[in-house]
Amino acid sequence: MEDREIIELFWSRDESAVSVLDEKYGEFCRHIAFNILHSQEDSEECVNDTYLKVWNAIPPQRPTFLRAFLSRITRNLAFDRCRLKMREKRGGGEVAIALSELENCISSRADVQEEYDTKELGEAIGRFLRTISERDRDVFVARYYFVTEVEEISEKLGIDVKQVWNILSRTRKKLKDFLEKEGYRI
């Protein structure tokens, strides 16, 4: 079923919309959630929460790109759940590692948050991603948006693990330089 048809099911409050959505995008959402949470049970709960959030969001929203809409919701819910679990455990894991790798590029200081809102930073990162090669962009997005492990990125793209690490390192440096040129204090 086409995305616009699925959205119409939500607009008409047809309960089959959730089943159709799960059939088309369930594995995609579970993959995103699992990469962040590393737990089948938590991932399933996160995906169910995603469907509830989508049910409550459509209407009034009418997403242009349903897949991107779902990935954003799933990712945000998974990170929320991860933060909660990390607070409970005071543990780390792949999410903490991936975020720590970006620390030198994106500061979380209050003065940056006051000066630039999240939307502007996201747009700047989007502009940056359009300046790098498709392969480097795929590696960067897989690691820092989908929180995919380096070994999995290596396997999917058919490149050496060391090469993935090198791409990530170079891309973080380029991102830092780009953001500094954009006026962000790092």
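In helix H1, Asp3, Ile6, Leu9 and Phe10 meet Ser16, Ala17, Val18, Val20, Leu21, Lys24 and Tyr25 of helix H2. By class, this contact of H1 with H2 has 8 nonpolar, 1 polar and 2 charged residues. The model is a predicted one.

**Packing of H1 and H2**
- Two packed helices are described by the angle between their axes and the distance between those axes.
- H1 spans residues 3-11 and H2 spans residues 16-37; they pack at an angle of about 150°, with their axes 8 Å apart.
- Because angles over 145 degrees count as roughly antiparallel, H1 is roughly antiparallel to H2.
- The crossing in which H1 passes H2 is left-handed.

**The largest nonpolar core**
- This core has 28 residues.
- Leu21, Ile36, Val54 and Leu66 are the residues with the most contacts inside the core.
- At least two residues of the core are supplied by each of H1, H2, helix H3 (40-57) and helix H4 (66-89).
- H2 gives the largest share of the core, 9 residues.

**Leu66 and its contacts**
- Leaving aside residues up to four places away in sequence, Leu66 touches Asp3, Ile6, Ile7, Leu21 and Tyr25.
- Among these, Asp3 and Ile6 in H1 also take part in the contact with H2, as do Leu21 and Tyr25 in H2.

**A second core**
- A separate nonpolar core has 20 residues, including Ile132, Leu168, Leu175 and Phe178.

How values were computed. Residues are numbered from 1 along each chain as its sequence is written. This is a predicted model: local features need pLDDT of at least 70, side-chain atom pairs count only at pLDDT 80 or more; totals for chains, interfaces and linings use all residues. Side-chain values use heavy atoms; hydrogens and water are left out. Axes are lines fitted to C-alpha atoms, for helices over the stretch in contact, and angles run from 0 to 180 degrees between N-to-C directions. Helices (H or I, at least four residues) and strands (E, at least two) are DSSP runs, numbered from the N terminus. Angles under 35 degrees count as roughly parallel, over 145 as roughly antiparallel, 65 to 115 as roughly perpendicular and the rest as oblique. A crossing is left-handed if the near helix is turned anticlockwise from the far one by less than a right angle, and right-handed if clockwise. Contact means heavy atoms within 4.5 Å. Ala, Val, Leu, Ile, Met, Phe, Trp, Tyr, Cys and Pro count as nonpolar, Asp, Glu, Lys and Arg as charged, and the others, Gly among them, as polar. A nonpolar core is a set of buried Ala, Val, Leu, Ile, Met, Phe, Trp, Tyr and Cys residues joined through side-chain atoms within 4.5 Å. Buried means under 20% relative accessible area, exposed over 50%, partly exposed in between (1.4 Å probe, protein chains only).
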